[in-house]
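Reader: Hey, can we go through this one together? I'd like to start with a single residue and then zoom out.

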Amino acid sequence: MEFKYGFDQDPAVLKEFLKGGVRLTEEEGIWLTWESRPELVKAALPPVLDYVDPYVGVYIMRNGRSTAGPAFMEAGLTLTASYQGKVGMYAPAFLMYGPGAEAETITGREIYGISKKYAEDIAITKTGDRVTAHIVRGGRVIFECDCRLGAYNDEAAGMQVYGLPKKGDTEEGSAFFFTYEAHQKPDRDAEFTAVHLNDTVSITTHTEDWQPGSIELIDMEESVNDPWSYFEVVRYIGCGYAHEELHIINQIMHRNVGDPYENMAKLMCGKFDMSAFGLETRFLNTEFN
């Protein structure tokens, strides 16, 4: 396919858009799971999703190659939920950082309904069997961790959540994302008119053996825009260091899934900052005011 310079592209180019499904390769990073309070997890789920367990997950990884753009860092906050009996991952928030962050955020948000924002910094350091990582946004360290590879904090629960995948092992799973419709009314106010659920099916392939580990520290600063600390830590389950690649193979759309306001109330912190709802925000430094 040849691309012309300018805005008058041939409509045939659209047939090449993310052709064959999104692929993320050269992924490397840390995955963590802790047990939180069931009532917090239940309250965070959109009403169309059913509660499965009190486990909360965070992953922080580098994506070296992607079909949507250059390399980037990604951090995801995840819960387990089900829709009409099908179990999958629901992510209240994703944060992106690095050269490919803009392309990945736009592609995810507009196509799959993934709740994505930009972070100020996302970093992982692995030294021997020690892994540390942090996420900074809005001047807050909304998540940082210190982990030691070797064995899970809770061996039985860690095996249930992660197992011990080997190089070449594959896993197929669903992730529940949401798109929405919003319009401005004649009175100039906006209204949400529909929410749709995308069951996004993907295959994960482990390109190296999974390295299990224990969580020694998780610390989260409060942030009104990114309330990751809402999910109180009751006990650590474990973590793992992985090399993976991901291929999105199918999307199953469920339209108009319940009341749009009840659903958007659960989604809005992952999709918007609170300034969109009238909370004034100013950042003052030498570059911006």
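Reader: Is S174 buried or exposed?
Author: This is a predicted model, so take the values as computed. S174 has a relative accessible area of 11%. The cut-off for buried is under 20%, so S174 counts as buried.

Reader: Which strand does S174 lie in?
Author: Strand β9, which covers residues 170-184.

Reader: And what is S174 in contact with, leaving aside its neighbours within four places in sequence?
Author: Two stretches of the chain show up. K86, V87, G88 and M89 are among the contacts. D199, T200 and V201 are also in contact with S174.

Reader: Which side chains make a polar contact with the side chain of S174?
Author: K86 is one of them, at 3.1 Å. The side chain of D199 is another, at 2.8 Å.

Reader: How far is S174 from F277?
Author: Their C-alpha atoms are separated by 31 Å. Along the chain, the two are 103 residues apart.

Reader: OK, zooming out. How many helices and strands are there?
Author: The protein has 4 helices and 12 strands. Its radius of gyration is 19 Å, close to the 19 Å from the globule rule for 289 residues, so the protein is as compact as a globular protein of that length.

Reader: What share of the residues is buried?
Author: Buried residues are 46% of the 289.

Reader: Last topic, charges. How many side chains are positive and how many negative?
Author: There are 26 positive and 45 negative side chains. The centres of the two sets lie 3 Å apart.

Conventions: Residues are numbered from 1 along each chain as its sequence is written. This is a predicted model: local features need pLDDT of at least 70, side-chain atom pairs count only at pLDDT 80 or more; totals for chains, interfaces and linings use all residues. Side-chain values use heavy atoms; hydrogens and water are left out. Helices (H or I, at least four residues) and strands (E, at least two) are DSSP runs, numbered from the N terminus. The radius of gyration is taken over C-alpha atoms; the globule rule is 2.2 Å times the number of residues to the power 0.38. Buried means under 20% relative accessible area, exposed over 50%, partly exposed in between (1.4 Å probe, protein chains only). Lys and Arg count as positive and Asp and Glu as negative; His and the chain ends are not counted. The place of a charge is taken as NZ of Lys, CZ of Arg, CG of Asp or CD of Glu. Contact means heavy atoms within 4.5 Å. A polar contact is a pair of N or O atoms within 3.5 Å; within protein, one must be able to donate a hydrogen and the other to accept it, and residues adjacent in sequence count only if both atoms are side-chain atoms.
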